[in-house]
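Colleague: I would like to learn how to read the packing and the charged pairs in a model of this kind. Could we go through it together, one feature after another?

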Amino acid sequence: MSNSTAKMSRIQLTAMVVGGMVGAGIFSLPRTFANATGPVGAVIAWVIAGIGMYTLARVFQHLAQRKPDLDAGVFMYAKEAFGDYPGFLSAFGYWIGSCIGNVSYWVLIKSTLGAFFPVFGDGNTLVAILVASVGIWLFHFLILRGVKQAAFINTVVTFAKVIPIIVFIVILAFAYKADMFSLNIQLAAQEGGIVQQVRATMLVTVFVFIGIEGASVYSRYAKKREDVGFATITGFCAVTALMVLVSMLPFAVLPRTDVAGMRQPSMAAVLEQLVGPWGGLFVSIGLVVSVLGAYLAWSLICAEVMFAAAKNKDMPVLFAKENANEVPANALWITNIIVQLLVASTYFSRDAFTLMLNLTSSMALIPYLFVAAYGVILARRGESYEVRPQERNRDLAFALVAVIYTVFMIIAGGLSYVLLSAVLYAPGTALYFWARRERGLPVFQGAVDIGIFAVIVIAAVAGVVGLATGYIAV
């Protein structure tokens, strides 16, 4: 990267965080939460997710300040802590998970259009796939014109897409009915199984928080290193407030069963129920703007992670090449080819959006776990704490909670998504083989790496068997 590369301001970095987090997930929260739980379970779920993700955000903030030489930190932290192969797995998992997340955006856009144009169905019809394919490549060539230009567009879109969400919140706040809220609490309590209710929301909360690391991924573009931490925490707090209100307020205006049966995007359906057709149309337009903006942000992040991994020789050198506009073109090409293939595969899925949402969350948790674990290692060693040593115990506490949270989320997500993740990790290791051979190095550095690979292969085989026998449904 040349020294002339244009840098991102604090506002643009914050927009990368907000733009990445505010996408498809927030517009689906009313129905998703109503299907799983009532107001009490929703509060518990948000407390768990909020604490866990806040501690993870603080880990990203601390690492950005204490390890300024580690750019695109999502995978570099894993490599620094555990070695080359775990670093590769973190990079690949984060990259492929982000590609899957991009697919969910297209599915939800077409599902939204399906409410007005039946030919789009639930977002996985042949026409929907063809239209999504056109969109994928339009964005591809826009980004090829320059990261800085795309980042500016993302900043503008980020501000624009928050407007319908705020309007939704304000209208529901004025329509608030205390008796309806109490009734939904009572009905949910009668069902029992609050633990199961909360667990059913866990992967959803992970999905809507993905993007919290957006500023960290683009740290090499930051004008000031401290801007990375500021953007991470500011974006987290702002988006958390929006998501909690969007998921909780519907319980105070409509019966939970009504919300649970609504079509996605359920935010549009809720507003339409309250104010008429214009409400659904207004939110639907906002959703399209929001999701396209999030897709732009995540296309940038996907390419950047692949590029950074290749620059550090953890991916084939082919993906470290930039075009005349300093865009990692080859990384962008492979990213969008994968997205295109995944979009085509949704034709065979019964509930493509939910599948992509949960699988994206599952894939993101492994890289998040590595980041949190590196925070623990750094604080325990006292490395980089020569300045402000009093912060060491505080940082260790945040990192430990983040580790516990990510492990809990992996378990809560269930075995099926762990096995599906392995189905992707196992063949993905071929890229690691390729990169190591390019450097003339042995593929694995020791018994630990071999053991990790063996576990992944066994889990992948189990995943394939599960898919073939119907144990794992897609």
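Modeller: Let us begin with a pair of helices in what is, to be clear, a predicted model: the crossing of α5 and α15 is left-handed.

Colleague: At what angle do α5 and α15 pack, and how far apart are their axes?

Modeller: The angle between α5 and α15 is about 160°, and their axes lie 9 Å apart. Angles over 145 degrees count as roughly antiparallel, and that makes α5 roughly antiparallel to α15.

Colleague: How many salt bridges does the count come to?

Modeller: The count comes to 3 salt bridges, where the criterion is a side-chain nitrogen of Lys or Arg within 4 Å of a carboxyl oxygen of Asp or Glu. In one of them the side chains of Asp314 and Lys79 meet, at 3.1 Å from N to O. Asp314 lies in the loop between α15 and α16 (329–345), whereas Lys79 lies in helix α4 (residues 73–82), so this pair ties together parts that are 235 residues apart in sequence. Asp314 is buried, its relative accessible area being 1%.

Colleague: What does the salt bridge between Arg436 and Asp84 tie together?

Modeller: The side chains of Arg436 and Asp84 meet at 2.8 Å, again from N to O. Because Arg436 lies in helix α19 (residues 415–438) and Asp84 in helix α5 (residues 84–114), the pair ties together parts that are 352 residues apart in sequence. Arg436 is buried, with a relative accessible area of 3%, and Asp84 is buried as well, with a value of 13%.

Colleague: And for the salt bridge between Asp395 and Arg394, how far apart are the closest N and O atoms?

Modeller: The closest N and O atoms of Asp395 and Arg394 are 3.0 Å apart. As for accessibility, Asp395 counts as buried at 3%, while Arg394 is partly exposed, with a relative accessible area of 35%.

How values were computed:
Residues numbered from 1 in each chain as written. Predicted model: local features only at pLDDT ≥ 70, side-chain atom pairs only at ≥ 80, totals over all residues. Heavy atoms only, no water. Helix = DSSP H or I, 4+ residues; strand = E, 2+ residues; numbered from the N terminus. Buried < 20%, exposed > 50% of the residue type's maximum accessible area, 1.4 Å probe, protein only. Axes fitted to C-alpha atoms, helices over the stretch in contact; angles between N-to-C directions. Parallel < 35°, antiparallel > 145°, perpendicular 65-115°, else oblique. Left-handed = near helix turned anticlockwise from the far one by under 90°.
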